[in-house]
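Q: Got a model here I'd like to walk through. Can you take my questions as they come?

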Protein chains: 2
Amino acid sequence: MTDVFHALADPTRRALLDRLFLKGGLTLSELAEGAPMTRQGVAKHIAILEAANLVTAEWEGRNKRHFLNPVPLTGIVHRWVGKFEDARLDALAEFKTRLEDPTDMDKKDTKRNG
Amino acid sequence: MTDVFHALADPTRRALLDRLFLKGGLTLSELAEGAPMTRQGVAKHIAILEAANLVTAEWEGRNKRHFLNPVPLTGIVHRWVGKFEDARLDALAEFKTRLEDPTDMDKKDTKRNG
DNA sequence: TTGACATGCAACCATTCAGTTGCATATTCG
DNA sequence: CGAATATGCAACTGAATGGTTGCATGTCAA
């Protein structure tokens, strides 16, 4: 859970996932070609993605081919985002109620600090 | 996008969101009571959640009341996870094909390094 | 006004992190 | 075999991070 979010919290890694989404089976060297960093840098990012199970790799001789694994994303949606999704309508309604109905806001919005 | 994932990539922050999910309107002090760190530590986490727009706060006198804002989560699902979700079935099928059909694997799985 | 309470700001520290560099290991090809 | 290619491992560094402590500011209540 933490690993997945952490892995996704980096534009470089998301770009890697995007590339693997468009075309699977890319090697480390191929992924490192367009990247604005060393091959080792990319390797570290990929290691993080693998640790989060977002990328699976297969050895093909001396080539390591990488594939996107979308399962953890599904897990996030269902285990974590889903419950908030369920509450989204209620929350929005509550939000609007609080924001639009001044009957409960008479003590709010006092300016303070900055 | 980065902010949201980064905000979610921390158990403390997810716990804060959980608490706000169960009961909105908690103050900083209330949120800090059960936390295994200083109030200032919690304040920093909340600042990150606010920067990611996952938490909205309203001033009520000297009390700052916090509310969960699930909208960014919805954004994640639709903008980012969604497209992989769409491809999930295809990807799984492709996965299974590669894993189960040996016709394309004759050069794979050579042991290497560790 | 005075004191207690809720929060914010800033400095500081130990740890983690992203990225680089250098070198080792394994595979392919001639 | 030996050279070239693909990758991994380890050490290092500057920057970011998580958390603390100390103090300032604003608000409520007597």
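Q: What does B:Arg13 touch, not counting residues up to four places away in sequence?
A: B:Arg13 touches B:His6, B:Ala7, B:His45, B:Ile48 and B:Leu49. Contact here means heavy atoms within 4.5 Å.

Q: What conventions am I working with?
A: This is a predicted model, where local features need pLDDT of at least 70, side-chain atom pairs count only at pLDDT 80 or more, and totals for chains, interfaces and linings use all residues. Residues are numbered from 1 along each chain as its sequence is written, chains are lettered from A and ligands numbered from 1 in the order in which they are written, and side-chain values use heavy atoms, with hydrogens and water left out.

Q: Where does B:Arg13 sit?
A: In helix 2 of chain B, residues 11-22. Helices (H or I, at least four residues) and strands (E, at least two) are DSSP runs, numbered from the N terminus.

Q: Is B:Arg13 buried or exposed?
A: B:Arg13 is buried and has no salt bridge. Buried means under 20% relative accessible area, exposed over 50%, partly exposed in between (1.4 Å probe, protein chains only). A salt bridge needs a side-chain nitrogen of Lys or Arg within 4 Å of a carboxyl oxygen of Asp or Glu.

Q: Which side chain of opposite charge is nearest?
A: B:Asp10, 4.1 Å away. For charge, Lys and Arg count as positive, Asp and Glu as negative; His and the chain ends are not counted.

Q: What polar contact does the B:Arg13 side chain make?
A: One with the side chain of B:His45, at 3.1 Å. That term means a pair of N or O atoms within 3.5 Å; within protein, one must be able to donate a hydrogen and the other to accept it, and residues adjacent in sequence count only if both atoms are side-chain atoms.

Q: Switching to strands. How do strands 2 and 3 of chain B pair?
A: Antiparallel, over 6 bridges, with strand 2 at residues 55-60 and strand 3 at 63-68. Pairing requires at least two DSSP bridges between the strands. B:Trp59 has B:Lys64 as its bridge partner, and B:Val55 stands opposite B:Leu68.

Q: And the turn?
A: Strands 2 and 3 of chain B form a hairpin with 2 residues between them. B:Gly61 in that turn has a positive phi of about 70°.

Q: Which non-glycine residue in chain B has positive phi?
A: B:Asn53 is one, with phi near 65°. B:Asn53 lies in the loop between helix 4 (39-51) and strand 2. B:Asn53 counts as partly exposed because its relative accessibility is 41%.
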